[in-house]
Amino acid sequence: MKAVCWHGPNEVGVETVADPSILNPRDAIVRVTLASICGSDLHAYGGHLPGMERGDILGHEFCGRVVATGARVRNLAPGDRVVVGPVIACGGCFFCARRRWSLCDNSNPNAWLAEQAFGHSPAGSFGSSHLFGGYAGGLAELVRVPFADVGAIPIPDGVSDEQAVLAADVLPAGMMAAEMCDIQPGDVVAVFGAGAVGHCAALAASLLGAERVIVVDRVPERLEAALVHLQAETVDFQRSDVVDALKDLTAGRGPDACIDAVGMEARGPGLSGAYERGKQALGIESNRPVALEQAILACRKGGVVSVVGSYTGLAEKVPLGAAMSKGLTLRTALEHGSGAIAALLAAIGDRRADPSYLVTHRLPLDDAAEGFRMFQERANECIKLLFRL
Amino acid sequence: MDMLHSQKLTHAVTVQRSPEDLFTAWQNPREVSGILHHLSGRLRGDVEESEAFAVPHVEIVGLDPPRRIEWLARVGDEARCRGATEITPGPPDRGTEVRVAVEIDAESHLIKRALEKLRGHDPVLLLREDLRNFKQRMEAGEFPTTLGQPSGRRTFIGSRLLHAVQDRLQRAHEPAPRSATDGAP
């Protein structure tokens, strides 16, 4: 089969590799019909994730049809149309029972390695670092889905493949980001990052009752899309100081909640930003936590900072003193997938949520290298890119 | 077992199953043999690779229902480890705590012991993996694995050390005397 393999920083190739097979009784094999690139794929692509290995198959947002199931998968059958999110979860542990699937105790075969880095192991995930299991990803013609009875979610009639792929990751991540803000009537929510997750977080914040949503980014078309499709206010961080702008827009209070939907590759302004990029390039620091720093400084006293942009390893310049002195609540998690996906597919089917406008590009899988380059450079007004198989 | 070179290990896990289910698993010698597969079969650096994967024979040498089991594991005539398992209910809604204390005949030479660790034979790591696998089997009904999945690797140079440890830990399941669905919830 064809698969998009990582060959080193900023280098991917479409390779012919062996077809996957059922390895465990709860596995399924899915023939992929549509897959997409996520912002966190760019962290792997750029070589910023420790534990990547050359030849790893990338991708963690995909949908398709089941072609085979293991002996213990009883809720799926060949031919079923399913969507699969990034998280692999067993469904039987303490965390899965509490709907926190990205914390699953039992799905990471390299848990021993993750424990060295994080103290405890998170769930395994597709197309990511070997710290998260090194599972082959979804940018491929066929994918083995472990614990498929939990993680392969049937797509209802009336929901297209494009809508389903958006419900795999970016929409549940955005929903989780907004839910972590504990939004109250009258709240102003600032969303840092106008990528697909940021847009979905802004959409979710509105659905959960935010009075106003302010989106912060530097890419004009992404800010324009937030204005047009979400009726959000916007701040261009290249044109104004973000903290000052957000305080000004809230008459000095600051947003009640700030969502960091950017993560480790934030672009800081001026010399400060160049300094951060230099440190990350030299491997001195894993992250460029500029958006997190600004979120903490801008958030109102007693507010919530919700972090869904991906981070790894260590970060300098996170103003914990400000967070403490302002009595902030910091909440963060990897997107939980599974049950959230099912609920969001229903919401899409009922037309309560539809982020389809985010899809700006559709390419064949053979153009993966060009697709990654374009998505990384935010070229051609690219917000969300899908690969057809 | 040479008590002069014995090493004491302890590890604990919390499992989302009832104390009765877990006690039932541990009081069955065949089950214990599977649970301790990594540790009891692979303790000594001088064993041949084929023997390293040998299935240990386990004797239950003490039972104190419903919470304590004492056992002894042998490969051939050689005692490889002995220990005790304590099973106690956790705090409300937190599952059941399983604490294992093991005494093993460990390599006494510091350099040899360090080399064993590099080969993935660190007894501490092996005991942790054994109990992690036990938890996975009881909660998920199978062990997660990526062995046999496709990739587009072009060369073998890279993270070889990572692979060596990963392969050792995962391949140990293959000859294990148990079904992947045994003990499924």
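Student: In chain A, what share of the contacts between residues at least 6 apart in sequence join residues at least 24 apart?
Tutor: That share is 73% in chain A. Two residues are in contact here if their C-beta atoms, placed from the backbone, lie within 7 Å. Keep in mind that this is a predicted model, where local features need pLDDT of at least 70, side-chain atom pairs count only at pLDDT 80 or more, and totals for chains, interfaces and linings use all residues. Residues are numbered from 1 along each chain as its sequence is written, while chains are lettered from A and ligands numbered from 1 in the order in which they are written.

Student: OK, how many helices and strands are in chain A?
Tutor: Chain A has 14 helices and 17 strands. Those are DSSP runs numbered from the N terminus, with helices being H or I of at least four residues and strands E of at least two.

Student: And why is chain A called as compact as a globular protein of that length?
Tutor: Its radius of gyration is 20 Å, close to the 21 Å that the globule rule gives for 389 residues, so chain A is as compact as a globular protein of that length. The radius is taken over C-alpha atoms, and the rule is 2.2 Å times the number of residues to the power 0.38.

Student: How much of chain A is buried?
Tutor: Buried residues are 56% of the 389 in chain A. Buried means 20 or more other C-beta atoms within 10 Å of the residue's own, exposed means 12 or fewer, and partly exposed is in between, with C-beta atoms placed from the backbone.

Student: Switching topic, which domains does chain A have?
Tutor: The assignment gives domain 1 (2-169 + 335-388) and domain 2 (172-332). Such bounds come from an automatic or database domain assignment. The centres of the two domains of chain A, taken over C-alpha atoms, are 25 Å apart. Their contact takes 24 residues from domain 1 and 22 residues from domain 2.

Student: Which element gives the most to the domain 1 side?
Tutor: That's α1(A), with four residues. By class, the domain 1 side of chain A that touches domain 2 has 12 nonpolar, seven polar and five charged residues. Ala, Val, Leu, Ile, Met, Phe, Trp, Tyr, Cys and Pro count as nonpolar, Asp, Glu, Lys and Arg as charged, and the others, Gly among them, as polar.

Student: At what angle do α6(A) and α13(A) cross?
Tutor: Helix α6 (residues 170-179) and helix α13 (residues 339-349) of chain A cross at roughly 100°, and their axes come within 9 Å. That makes α6(A) roughly perpendicular to α13(A). The axes are lines fitted to C-alpha atoms over the stretch in contact, with angles from 0 to 180 degrees between N-to-C directions. Roughly perpendicular covers 65 to 115 degrees, under 35 is roughly parallel, over 145 roughly antiparallel and the rest oblique.

Student: Which residues make that contact?
Tutor: L171(A), P172(A), M175(A) and M176(A) come from α6(A), while A340(A), I341(A) and L344(A) come from α13(A).

Student: What about chain B, how many of its residues are in contact with chain A?
Tutor: 31 residues of chain B are in contact with 39 residues of chain A. On the chain B side, α6(B) gives the most, with eight residues.

Student: Which residues does the cis peptide bond in chain B join?
Tutor: P65(B) and P66(B), with omega about 5°. P66(B) lies in the loop between β2 (57-64) and β3 (68-75) of chain B.
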